[in-house]
Amino acid sequence: ETGVHITDVKNFTFLFWLLSLLSLITCGCIFPFNNVASGILLERNYFRAPPAGCRLLHPDQCSKGMLQNFSNPTINDSGEECSQ
């Protein structure tokens, strides 16, 4: 009688088991770390306090971005652009 049986697992090669183990490790360790690390990296690199005395020209709008058509620079009290 031909068919698939649970005992056919013993015929799988070493490469199959190695790839299965690597897939489990990737899904179990790396993917959850990426979810946590993205927030940490964003907070570390992008959410910094502006220099003293500087503010955004338009405080209710983003300063930079792919979808933004204009610039929203940081300016000081005399209206000059602040250096980052």
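**Rings and sulfurs**

Reader: Before the details, what should I know about the model and its numbering?

Author: This is a predicted model, in which local features need pLDDT of at least 70 and side-chain atom pairs count only at pLDDT 80 or more, while totals for chains, interfaces and linings use all residues. Residues are numbered from 1 along each chain as its sequence is written, and side-chain values use heavy atoms, with hydrogens and water left out.

Reader: Okay, is phenylalanine 16 buried, partly exposed or exposed?

Author: Phenylalanine 16 counts as partly exposed because its relative accessibility is 37%, where buried means under 20% relative accessible area, exposed over 50%, and partly exposed in between, with a 1.4 Å probe and protein chains only.

Reader: How many aromatic pairs are there in the whole structure?

Author: A search of the whole structure finds three aromatic pairs; rings of Phe, Tyr and Trp (its six-membered ring) pair if their centres lie within 6.5 Å, and planes under 30 degrees apart count as stacked, over 60 as edge-to-face and the rest as tilted. One of them joins phenylalanine 12 to tryptophan 17, a tilted pair at 6.0 Å centre to centre with 45° between the planes.

Reader: And why is the pair of phenylalanine 16 and tryptophan 17 edge-to-face?

Author: Their planes stand at 75°, with the ring centres 5.1 Å apart, so the pair counts as edge-to-face. Ring pairs link Phe12, Phe16 and Trp17 into a cluster, in which tryptophan 17 is partly exposed at a relative accessible area of 44%, and phenylalanine 12 is partly exposed at 39%.

Reader: Switching to sulfur, which cysteines does a disulfide join?

Author: Cysteine 54 is joined to cysteine 82, with 1.9 Å from S to S, and the count comes to one disulfide when a disulfide is taken as a pair of cysteine sulfur atoms within 2.5 Å. The torsion about its S-S bond is about -105°, so this disulfide is left-handed.

Reader: Where do cysteine 54 and cysteine 82 lie?

Author: Cysteine 54 lies in the loop between α1 (14-45) and β1 (55-56), and cysteine 82 in the segment after β2 (74-75), so the pair ties together parts that are 28 residues apart in sequence. Here helices (H or I, at least four residues) and strands (E, at least two) are DSSP runs, numbered from the N terminus. Cysteine 54 is buried at 15% relative accessible area, and cysteine 82 is buried at 13%.

Reader: What about cysteine 27?

Author: Cysteine 27 is in no disulfide, and the nearest cysteine sulfur, that of cysteine 29, is 9.8 Å away.
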